Amino acid sequence: MKTITVGVSNKHAHLTREQIDVLFGQGYQLTFLRNIKQPDEFVSNETISVEGPKGTLHGVRVMGPERAKAQVELDFTSAISIGVDPAVRISAHVENTPAIKLIGPKGAYDLKEGVIAAMRHLHMNPEEAEELHLSDGQQVMIESEGPRGLIFKNVVVRIDPMYSLEFHIDTDEANGAGLKTGDQVRLINCIL
C-alpha cells in the first residue's frame with residue numbers, strides 16, 4: 001500500500017482578473033504569502049468576505065495565480081452557516097453551482113455561480129500515476145489510521161505534470177478523521 005501526504009484545504013477563493021480588479025482595484029496583483037505543495041498555485045496575502053443569504057464569512061483566503069474561471073471552495077459547515085448549499089465538484093467544474101457575493105476592500109462582485117465543496121481528490125504527476133497504475137478521473141479509496149481512522153471512498157485521481165502526490169480533503173473531512181496537513185494516509189485500492 002502506498003503512503004500519501006494529506007493536504008487539508010480551508011475555505012478559499014480562486015478569482016479571475018475581472019474579479020481581482022473589482023475587489024482590490026484596477027490592475028491589482030495578488031501578493032505571495034506562501035507556497036503550497038502543488039507548484040502551480042500559491043497562497044496570497046489577500047482575503048475577501050463571501051456573503052450568502054444568511055450571513056457573511058470573513059477572511060476567506062484568495063489563492064493565486066488568477067484563473068480563467070472563479071470559484072469559492074467551502075466546507076459544508078462554513079457554507080451552511082451562511083445559507084449556501086455547495087455542489088460537491090471537482091475544481092473548475094462550476095456550472096450550475098450556487099451564487100455568492102464577493103466583498104473586497106475596493107468593491108463587491110456578484111458571482112453568479114461557483115460555490116463548491118471540493119470533491120476529495122488525489123493529485124499526482126504522470127510518472128506517479130504510471131507507478132501506481134492509475135488514470136485521470138479514476139476513483140480510489142484512501143485509508144487513515146488513528147482513533148478516528150476511516151476509509152475515504154470516491155477519491156478522484158487528478159493527473160498533471162505540475163502536480164505532486166498529495167491527498168486533498170476539506171476541513172470538515174479532516175476534522176472528522178482527526179487529520180491535519182502533513183499527516184500520512186494509505187492508498188488501499190481502486191474503484192473501477
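Arg 17 and Asp 21 both belong to helix α1 (residues 17-24), where they stand four residues apart, about one turn of the helix. Helices here are DSSP runs of H or I with at least four residues, and strands are runs of E with at least two, numbered from the N terminus. The structure is a predicted model, in which local features need pLDDT of at least 70 and side-chain atom pairs count only at pLDDT 80 or more, while totals for chains, interfaces and linings use all residues. Residues are numbered from 1 along each chain as its sequence is written, and side-chain values use heavy atoms, with hydrogens and water left out.

## Salt bridges

The side chains of Arg 17 and Asp 21 meet in a salt bridge, a term that stands for a side-chain nitrogen of Lys or Arg within 4 Å of a carboxyl oxygen of Asp or Glu.

| Pair | N to O distance |
|---|---|
| Arg 17 and Asp 21 | 2.9 Å |
| Arg 67 and Glu 41 | 2.7 Å |
| Asp 183 and Lys 180 | 3.0 Å |

The partners can be described by their relative accessible area, for which buried means under 20%, exposed over 50%, and partly exposed in between, with a 1.4 Å probe and protein chains only. Arg 17 counts as partly exposed because its relative accessibility is 23%, whereas Asp 21, with a relative accessible area of 15%, is buried. These two residues are also linked with Glu 66 in a network of salt bridges.

Arg 67 and Glu 41 form a salt bridge of 2.7 Å, N to O. Arg 67 lies in the loop between β5 and β6 (71-73) and Glu 41 in the loop between β3 (32-35) and β4 (42-52), so this pair ties together parts that are 26 residues apart in sequence. Arg 67 is partly exposed, with a relative accessible area of 23%, while Glu 41 counts as buried at 19% relative accessibility.

## Pocket and cavity

The search for spaces uses a 1 Å grid over the protein atoms alone: a cavity is a set of points where a 1.4 Å probe fits but cannot get out, a pocket is an open set with protein on both sides within 12 Å along at least five of seven lines, and lining residues have an atom within 4 Å of a point. About 740 Å³ of space lies in the largest pocket. Its lining consists of 33 residues, and those closest to the centre of the pocket are Ser 9, His 12, Ile 36, Met 63 and His 168. At least two lining residues come from each of β1 (2-9), β2 (12-14), β5 (55-64), β11 (121-124) and β14 (166-170), and β14 supplies the largest share, four residues. By class, the lining of the largest pocket has nine nonpolar, twelve polar and twelve charged residues.

A search of the whole structure also finds one cavity of 30 Å³ or more, and the largest cavity holds about 60 Å³ of space. Among the residues that line the largest cavity are Ser 9, Asn 10, Lys 11, Asp 170 and Thr 171. The classes in this lining are three nonpolar, three polar and four charged residues.

## Surface patch

Phe 76, Ile 80 and Val 88 make a nonpolar surface patch of about 270 Å². Ile 80 is found in helix α2 (residues 76-81), and it counts as exposed because its relative accessibility is 58%.

## Backbone details

Most residues other than glycine have a negative phi, and most peptide bonds are trans. Against this background, a cis peptide bond joins Gly 64 and Pro 65, with omega about -5 degrees, and Pro 65 lies in the loop between β5 and β6.

Ala 92 is not a glycine, although its phi is positive at about 80 degrees. Ala 92 is found in the loop between β7 (87-89) and β8 (100-103), and it counts as partly exposed at 34% relative accessibility. Asn 96, a residue other than glycine, has a positive phi near 60 degrees. The place of Asn 96 is in the loop between β7 and β8, where Asn 96 counts as exposed because its relative accessibility is 69%.

Technical notes:
Patch = residues over 30% accessible without salt bridge, like charges linked within 9 Å, V, L, I, M, F, W, Y side chains within 5 Å. Areas by Shrake-Rupley, 256 points an atom, 1.4 Å probe, with all protein chains shown as cover. Points joined across faces, edges and corners; volume = space filled by probe spheres on them. Nonpolar A, V, L, I, M, F, W, Y, C, P; charged D, E, K, R; others polar.
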